[in-house]
Amino acid sequence: MIHKAGFVNIIGNPNVGKSTLMNALVGEKLSIITPKAQTTRHRILGIVNHEEYQIVFSDTPGIIKPAYELQASMMDFVKSALDDADVLIYMVEVGETALKNEAFFNKIINSKIPVILLLNKIDKSNKEEVDEKIKYWREKVPNSFVYVISALEKFNVEAVFYKIIELLPEGPPFYPKDQLTDKPERFFVNEKIREKILMHYKKEIPYSVEVETEEFIEQENIVRIRSIIMVERDTQKGIIIGHKGTAIKRIGAEARKDLERFFQKKVFIELYVKVNKNWRSDKNQLKRFGYNQN
Ligand SMILES: Nc1nc2c(ncn2[C@@H]2O[C@H](COP(=O)(O)OP(=O)(O)OP(=O)(O)O)[C@@H](O)[C@H]2O)c(=O)[nH]1
């Protein structure tokens with residue numbers, strides 16, 4: 001059996017209908033929606049698991065800005081975000097033509113990643129205008145697959161879904177499927193803590209930790225969580241904990257706030273730091289089983 005997996009990066013101006021499309025695409029197929037879970041470069045919007053494929057939908061927050069607002073470092077960020085994706089969905093509205101950022105646009109055109117160009121909100125338009133816009137975008141992005149859709153009315157969304165699967169590369173899943181289907185909450189908690197670590201620690205720290213949620217007990221009014229932050233060295237443990245525990249307290253407090261919003265309940269969270277010198281080899285072990293998350 002062939003297995004396919006990849007990151008599908010959705011980009012487009014604010015309000016073009018990205019979230020609506022996500023809901024239409026993913027629907028009941030969705031294992032977990034991690035609202036704005038931040039990974040290194042992507043924000044994961046949702047993951048679709050199937051025996052034969054795993055689609056990780058993500059977006060790259062705030063990359064469509066006029067060129068003068070983008071700093072050099074931001075352009076690098078854009079570049080790597082594009083390089084990382086396996087399929088790019090570029091979404092526009094029927095009424096939209098002007099390009100906000102020509103430089104960014106050229107990057108899309110010149111990237112080797114397949115581009116699906118979606119012309120959304122056609123329910124608000126007429127055939128003449130739609131035909132004209134298809135022609136316009138085909139010329140603008142010559143190598144793209146152009147689809148006209150209405151994300152809101154789910155028109156043509158299925159076709160887009162199958163095109164994505166067709167374009168995905170072969171490969172093992174990026175996230176363990178059983179973990180997602182059996183324990184999506186734990187997965188989300190881990191990601192949330194990792195996100196906070198990414199935000200607050202510099203250098204190699206974020207890349208030297210692994211988070212594991214040992215206990216997740218949901219009661220009527222409260223969720224009780226116990227998670228372990230695994231590091232490779234004692235010095236890293238000290239840095240994670242911080243002076244008098246202030247650093248780890250902040251991680252816990254911020255994660256708790258987000259998790260309370262997510263679960264719509266009070267959250268009680270205990271964080272422990274553990275040194276596991278074999279962590280990296282454990283990780284390689286996990287990688288062999290398709291646990292490719294970085
Ligand atoms: N008529 C019509 N409206 C749509 C369609 N798709 C989305 N909308 C509407 O457009 C508005 C914006 O949709 P969102 O899905 O929130 O857009 P978004 O791109 O995620 O927006 P940001 O989060 O700001 O980037 C909402 O009011 C949607 O209901 C469509 O196909 N037709």
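Helix H1 (residues 18–26) contributes 3 residues to the shell around the ligand, the most of any element; helices here are DSSP runs of H or I with at least four residues, strands are runs of E with at least two, and both are numbered from the N terminus. The model is predicted: local features need pLDDT of at least 70 and side-chain atom pairs count only at pLDDT 80 or more, while totals for chains, interfaces and linings use all residues. Residues are numbered from 1 along each chain as its sequence is written.

**Ligand shell**
- The shell holds 15 residues, of which Gly17, Lys18, Ser19, Thr20 and Leu152 come nearest; a residue is near a molecule if its C-beta atom, placed from the backbone, lies within 6 Å of it.
- By type, the shell has 4 nonpolar, 7 polar and 4 charged residues, where Ala, Val, Leu, Ile, Met, Phe, Trp, Tyr, Cys and Pro count as nonpolar, Asp, Glu, Lys and Arg as charged, and the others, Gly among them, as polar.

**Overall fold**
- The protein has 10 helices and 11 strands.
- Of its 294 residues, 30% are buried, a term for 20 or more other C-beta atoms within 10 Å of a residue's own; 12 or fewer makes it exposed and anything in between partly exposed, with C-beta atoms placed from the backbone.
- Among contacts with a separation of 6 or more, 71% join residues 24 or more positions apart; a contact requires C-beta atoms, placed from the backbone, within 7 Å.

**Nonpolar cores**
- The largest nonpolar core has 35 residues, and Val8, Ile55, Val87, Ile89, Tyr90, Met91 and Leu119 touch the most other members; such a core is a set of buried Ala, Val, Leu, Ile, Met, Phe, Trp, Tyr and Cys residues joined through C-beta atoms within 7 Å.
- At least two residues of this core come from each of S1 (4–12), H1, S4 (43–50), S5 (53–59), S6 (87–93), S7 (115–120) and H5 (157–167).
- Strand S6 gives the most to this core, with 6 residues.
- Beyond four places in sequence, Met91 touches Ile10, Gly12, Val16, Gly17, Lys18, Leu21, Leu118 and Asn120.

**Two partly exposed residues**
- Tyr272, in strand S11 (residues 266–275), is partly exposed because 13 other C-beta atoms lie within 10 Å.
- Outside four places in sequence, Tyr272 is in contact with Ile228 and Ile229.
- Asp258, in helix H9 (residues 246–263), is partly exposed because 19 other C-beta atoms lie within 10 Å.
- Asp258 and Val189 are 69 residues apart in sequence, with 9.6 Å between their C-alpha atoms.
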